[in-house]
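Please look over the structure below, and keep it in view while reading.

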Amino acid sequence: MRIYVPRDAAARALGADAVARAVAAEAERRGLAVELVRNGTRGMIWLEPLLEVETAAGRTAFGPVSAADVPGLFDAGFGAHPLALGPVEAIPFFARQTRLTFARCGLTDPLSLAEYEANGGLAGLRRALGMDGRAIVDEVTGSGLRGRGGAGFPTGIKWATVLDAKADRKYVVCNADEGDSGTFADRMIMEGDPFVLIEGMVIAGIAVGADMGYLYVRSEYPDAIAAMQAAIAIARDAGLLGRSVLGSDRAFDMEVRVGAGAYVCGEETSLLNSLEGKRGVVRAKPPLPAIAGLFGKPTVINNVISLASVPVILEKGAAFYKDFGLGRSRGTIPLQIAGNVRYGGLFETAFGMTLGEIVEEIGGGTASGRPVKAVQVGGPLGAYMPVGKFDTPFGYEEFDGQGGLIGHAGIVVFDDTVDMMKMARFAMEFCAVESCGKCTPCRIGSVRGVETIDRIARGDAAGVEILTDLCDTMKDGSLCALGGFTPFPVMSALRHFPEDFSASHKEAAE
Ligand SMILES: Cc1cc2nc3c(=O)[nH]c(=O)nc-3n(C[C@H](O)[C@H](O)[C@H](O)COP(=O)(O)O)c2cc1C
Ligand code: SF4
């Protein structure tokens, strides 16, 4: 009998290790031969720990399982049981997804390279090895893939700049800082399918002529760090990394670097400074990292999901990937549904679903059962979207047109008890705490922002005009998007929920 219990950090936080131990102990007590596989998560966090059993009819799931449930599951022969969910693929949250980047996540032992290959892994790299750099870059450009880290810049165009740059050394850097609130896609792929990220980085390296890659990951992700380090060692032993990638004449190796933890170190130039051992301060652009990046050399810097989406593009072709999506947002996006929501988790889908469908149908509305008041999309710098904007399709331009951004596709839901003035204050406070300090509109502006919102809270109506003016200054004058985008959550809160900024609201709250 084969039983799967996830090793993903979210599942572990919810008791997966205790469930795994209980399964092993119960099997031994009953004298049953059980193969216990610690897989990645399927992404349905409200069902974790999600235990799966392999049957003749496929994999069937139970969840959320606690260690105390395990003897009962054995008694029931892993059949009829109150926690039975049926085949994973038939659970509506899972069935409605289009899994391209996360196709393997949760299926297998993440550190089994043999299972990775058996499930389609390395097909993209093998194809890439038969192509020259330009052809690989053209394939990525043709797929329409845009950076999933936040800015949505076309990945192929970035790669072409590095390919065309003349230098004795080039680098590939993977941005796994994942600082946005409500996001966990990078962590989930690193823990659940680390080889897909390695494969994507190798393809990037051979495409642009870089033979070294660095994965910059936040220290708060110990499980992801361990998974990536183990996977890199396995990949090296198997010849996937090293002087001769899969026996070819192309070389590529990579290492993990752990950041000490600062939101601004997710900003690409700050990240490069941190990688070089310097303080994580933003660099002025130009030069672009693609021209003068890590150690002054041309550098591809991409988000985890951008790189992990490359293998399927090379395997199935640009046209296949481009066929999914809406407008200029091509392919799929792993939505991360979080906050006060009934069904929280990772939902990979083609661009184009409306925000309302995502929150109400997929997410099932709020966990509290109260009406949704606002949804923050795109991390701490993303706008608060009111219910009135729920018909906005999920796409870069579509959100931009509504004064929002999709960022890394984190979606944080709030019910009607949220105080939007407090959320606006939090945005300014977050910016003040996380500012790298290089430019005045952000460093000083965010502190003034907190003070001004406090003035409004004390009933000073003139504060609203000052706050609006301050936000314009931060938007126009900041060097990077930390100071430049903080006005999005602040102004969206003010615009869509003015009643929360009024003196009468403040009196009611007291
Ligand atoms: C304050 C700030 C924080 C950022 N944090 C991240 C992050 O955690 N992860 C990420 O991939 N990109 C982050 N970015 C975006 C990066 O600067 C950069 O655009 C991205 O790594 C490029 O990769 P992509 O083209 O694949 O998205 C951040 C940007 C800013 C301004
Ligand atoms: S906007 Fe803020 S984080 Fe960005 S460079 Fe200026 S001070 Fe640093």
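Helices (H or I, at least four residues) and strands (E, at least two) are DSSP runs, numbered from the N terminus. This is a predicted model, in which local features need pLDDT of at least 70 and side-chain atom pairs count only at pLDDT 80 or more, while totals for chains, interfaces and linings use all residues; side-chain values use heavy atoms, with hydrogens and water left out. Residues are numbered from 1 along each chain as its sequence is written, and chains are lettered from A and ligands numbered from 1 in the order in which they are written.

Most residues other than glycine have a negative phi, and most peptide bonds are trans. Phe78, found in the loop between helix H3 (70-75) and strand S5 (84-87), is a residue other than glycine with a positive phi, near 55°. The bond from Glu48 to Pro49 is cis, with omega near -5°, and Pro49 belongs to the loop between strand S2 (35-37) and strand S3 (51-55). Lys285 and Pro286 are likewise joined by a cis peptide bond, whose omega is about 0°, and Pro286 lies in the loop between helix H12 (268-275) and S9, a strand that returns below.

The next topic is the space between the atoms. Rolling a probe the size of a water molecule over the atoms shows where empty space is left. The search uses a 1 Å grid over the protein atoms alone: a cavity is a set of points where a 1.4 Å probe fits but cannot get out, a pocket is an open set with protein on both sides within 12 Å along at least five of seven lines, and lining residues have an atom within 4 Å of a point. Grid points are joined across faces, edges and corners, and a volume is the space filled by probe spheres set on the points.

The largest pocket has a volume of about 1300 Å³. Its lining is made up of 49 residues, and those nearest the centre are Gly149, Gly150, Ala151, Gly152 and Ala481. Helix H8 (155-164), strand S9 (299-303), helix H17 (396-400) and helix H22 (481-485) each contribute at least two residues to this lining, with the largest share, four residues, coming from S9. Sorted by class (Ala, Val, Leu, Ile, Met, Phe, Trp, Tyr, Cys and Pro count as nonpolar, Asp, Glu, Lys and Arg as charged, and the others, Gly among them, as polar), the lining of the largest pocket has 20 nonpolar, 16 polar and 13 charged residues.

Which ligand takes up the space of the largest pocket? It is ligand 1, where a molecule is said to sit in a cavity or pocket if more than half of its atoms lie within 2 Å of its grid points. S9 and H22 are the elements that give two or more residues to the shell around ligand 1, and S9 gives the most, with three residues. A residue is near a molecule if one of its heavy atoms lies within 4 Å of it; 19 residues surround ligand 1, and the closest are Gly149, Asn175, Asn302, Asn303 and Ser306. By class, this shell has four nonpolar, nine polar and six charged residues. An oxygen atom of ligand 1 is 2.8 Å from an N or O atom in the side chain of Asn302, and a nitrogen atom of ligand 1 lies 3.2 Å from a polar backbone atom of Gly266.

The second largest pocket has a volume of about 240 Å³. It is lined by 18 residues, and Gly179, Asp180, Ser181, Pro380 and Phe430 are the closest to its centre. Strand S16 (410-415) and helix H18 (420-434) each supply at least two residues of this lining, and H18 gives the most, with five residues.

A search of the whole structure finds one cavity of 30 Å³ or more. The largest cavity holds about 70 Å³ of space, and this space is taken by ligand 2. Of the 13 residues that line the cavity, Val282, Cys436, Cys439, Cys442 and Cys480 lie nearest its centre, and helix H19 (440-443) and H22 each supply at least two residues of the lining. Ligand 2 is surrounded by 13 residues, the closest being Cys436, Lys438, Cys439, Cys442 and Cys480.

Methods. Polar contact = N/O pair within 3.5 Å; in protein donor to acceptor, adjacent residues only side chain to side chain.
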